[in-house]
Amino acid sequence: GTFLIIISIPSVIGGIALLRYKNWGRILILILSAIDLMNIPLGTALGIYSIWVLVQPNAVALFNK
C-alpha cells in the first residue's frame, strides 16, 4: 500500500497543477502519461488520451497564459 501511495504522489501533484493551469503540470502529466503507456490495456488507453489532449494547440495555449 505504501509503495502505491508513493508512486501516485506525482500524479496527484500534476493533477492539482493542471487544475491551476500550470504549464509545468502539463509537462509532468505528459511524462507520466508516457510512462503509463506500458500498463496494458487501461494505462495505454489513458496514456494515449492524455497525451492527445495535452498536445492540442488549444491546450498548449491555455497553459501558456
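Here are some friendly notes on a predicted model, arranged as numbered points to follow with the structure open.

1. The largest pocket has a volume of about 150 Å³. Two helices give two or more residues each to its lining: helix H1, which covers 2–19, and helix H2, which covers 23–36.

2. **What kind of lining is it?** Sorted by class, the lining of the largest pocket holds five nonpolar residues, two polar ones and one charged one.

3. **Now look for aromatic rings.** How many aromatic pairs does a search of the whole structure find? The search finds two. One of them joins Tyr21 and Phe63, with 5.9 Å from centre to centre and 50 degrees between the planes, and this pair is tilted. The pair links distant parts of the chain, as Tyr21 sits in the loop between H1 and H2, while Phe63 belongs to helix H4 (residues 57–63), 42 residues apart.

4. **Compare the two partners.** Is Phe63 buried or exposed? Phe63 has a relative accessible area of 9%, so it is buried, since buried means under 20%. Tyr21 has 49% relative accessibility, and therefore counts as partly exposed.

5. **The other pair.** Tyr49 and Trp52 have ring centres 6.1 Å apart and planes at 40 degrees, so this pair is tilted. Both residues lie in helix H3 (residues 42–54), three residues apart, which is about one turn of the helix. Tyr49 has a relative accessible area of 51% and is exposed. Trp52, at 51% relative accessibility, also counts as exposed.

6. **On to the core.** Which residues make up the largest nonpolar core? There are five in all: Ile29, Leu30, Leu32, Leu54 and Phe63. H2 supplies the largest share of this core, with three residues.

7. **Finish with Phe63.** This residue brings several of the points together: Phe63 is part of the aromatic pair with Tyr21, and Phe63 is also a member of the largest nonpolar core. What does Phe63 contact, leaving aside its neighbours within four places in sequence? The residues in contact with Phe63 are Leu18, Tyr21, Lys22, Asn23, Arg26 and Leu54.

Notes: Residues numbered from 1 in each chain as written. Predicted model: local features only at pLDDT ≥ 70, side-chain atom pairs only at ≥ 80, totals over all residues. Heavy atoms only, no water. 1 Å grid on protein atoms, 1.4 Å probe; cavity = no way out; pocket = protein on both sides within 12 Å on 5 of 7 lines; lining within 4 Å. Points joined across faces, edges and corners; volume = space filled by probe spheres on them. Helix = DSSP H or I, 4+ residues; strand = E, 2+ residues; numbered from the N terminus. Nonpolar A, V, L, I, M, F, W, Y, C, P; charged D, E, K, R; others polar. Phe/Tyr/Trp six-rings, centres within 6.5 Å; stacked < 30°, edge-to-face > 60°. Buried < 20%, exposed > 50% of the residue type's maximum accessible area, 1.4 Å probe, protein only. Core = buried A, V, L, I, M, F, W, Y, C linked by side-chain atoms within 4.5 Å. Contact = heavy atoms within 4.5 Å.
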